[in-house]
Amino acid sequence: MKLYNAAAASPRRVRIFLAEKGMDLPRVDLSLDAQGTRGEALRKKNSLGEVPVLELDDGTIICESQAICRYLESLQPEPNLFGGDAVEQARIYMWDRRMELEILTPLSLIARHSFDFFKDKLTQVPAIVEAQRHDLPAKLAWLDSALADGRPFVAGERFTVADITGMTALFLSDFVKVPIPEGLDHLKRWNDALRARPSWNA
Ligand SMILES: N[C@@H](CCC(=O)N[C@@H](CS)C(=O)NCC(=O)O)C(=O)O
């Protein structure tokens, strides 16, 4: 089994997951250019030409960071990151979706619609960047209010994959320069705790 990897947010999501599990996988580190992620060799493995890609020993390919994490959770269930009973699984999935749709996706839209790196991949619309920058402070305030009940992690009392999606968003927020607004102390507490985890540097 090997992981096609690059210095970017989505593969990092899997690297954090592996670090939290205490797992290690052989990696193929690709550059973010025509010799690497933009090359024909990767496109043969993932038709979207994106990493992470997990290749199993029998040649099976699994793309999409969350699909890879789910597979790894099945291989090594502990520490559990996707939930135990039905209610916990649902709560973690709910918060994972919210982290992805409400926070990570808007940050990713800023990157995709403003960085030269993406200009051949999609039609860049500056107004989309402007709209996300305008709307994100309110979304971050919403997340702060959710964390105001004092829960240490976004889906409850323990660290889960929903926090890893949050860590990916926080990493992107540095990249596209969207700081946490002043006064969002619950969000700041959660942010500080996640950045202090050893897996932050995975
Ligand atoms: N939804 C995918 C997103 C994968 C993705 O966007 N990967 C980016 C890095 S964050 C990539 O490989 N880009 C390569 C390129 O654009 O050349 C996932 O979660 O795995």
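Is phenylalanine 118 buried or exposed? Hold that thought for a moment, everyone, and I'll come back to it.

First, the ground rules. This is a predicted model, so local features need pLDDT of at least 70 and side-chain atom pairs count only at pLDDT 80 or more, while totals for chains, interfaces and linings use all residues. Residues are numbered from 1 along each chain as its sequence is written, and side-chain values use heavy atoms, with hydrogens and water left out.

Let's start with the strands. Helices (H or I, at least four residues) and strands (E, at least two) are DSSP runs, numbered from the N terminus, and two strands pair if DSSP finds at least two bridges between them. Strand β1, residues 2-5, pairs with β3 in the antiparallel sense over three bridges. In that pairing, lysine 2 stands opposite glutamate 55. On to β2, residues 27-29: three bridges join this strand to β1, and the two run parallel. Here leucine 3 stands opposite arginine 27. From β1 the chain crosses through α1 to β2, a right-handed β-α-β crossover (with the strands pointing away from the viewer, the path from the first strand over the helix to the second runs clockwise).

Now for the charges. The structure holds 10 salt bridges, meaning a side-chain nitrogen of Lys or Arg within 4 Å of a carboxyl oxygen of Asp or Glu. I'll show you three of them.

Arginine 13 forms a salt bridge with glutamate 100, with the closest N and O atoms 2.6 Å apart. This pair links distant parts of the chain, 87 residues apart: arginine 13 is in helix α1 (residues 9-21) and glutamate 100 in helix α4 (residues 86-114). Arginine 13 is buried, at a relative accessible area of 4%; buried means under 20%, exposed over 50%, and partly exposed in between, with a 1.4 Å probe and protein chains only.

Next, arginine 197 and glutamate 20 form a salt bridge, their closest N and O atoms being 2.8 Å apart. Arginine 197 lies in the segment after α7 (185-195) and glutamate 20 in helix α1, so this pair ties together parts that are 177 residues apart in sequence. Glutamate 20 is buried too, with a relative accessible area of 16%.

Glutamate 55 sits in strand β3 (residues 53-55) and lysine 45 in helix α2 (residues 40-45), 10 residues apart. Glutamate 55 is buried at 15%, whereas lysine 45 is partly exposed at 28%.

And so to the rings. Rings of Phe, Tyr and Trp (its six-membered ring) pair if their centres lie within 6.5 Å; planes under 30 degrees apart are stacked, over 60 edge-to-face, and the rest tilted. The count comes to six aromatic pairs. One of them is phenylalanine 117 with phenylalanine 118, edge-to-face at 5.1 Å centre to centre and 80° between the planes. Back to my opening question: phenylalanine 118 is buried, at 14% relative accessible area, while phenylalanine 117 is partly exposed at 34%.

Phenylalanine 171 and phenylalanine 175 are stacked, 6.4 Å centre to centre with 10° between the planes. They are four residues apart in helix α6 (residues 161-175), which means about one helical turn separates them.

Finally, arginine 197 returns: its charged end sits over the ring of phenylalanine 159, 3.7 Å from the centre (the rule being NZ of Lys or CZ of Arg within 6 Å of the ring centre and within 35 degrees of the ring normal).
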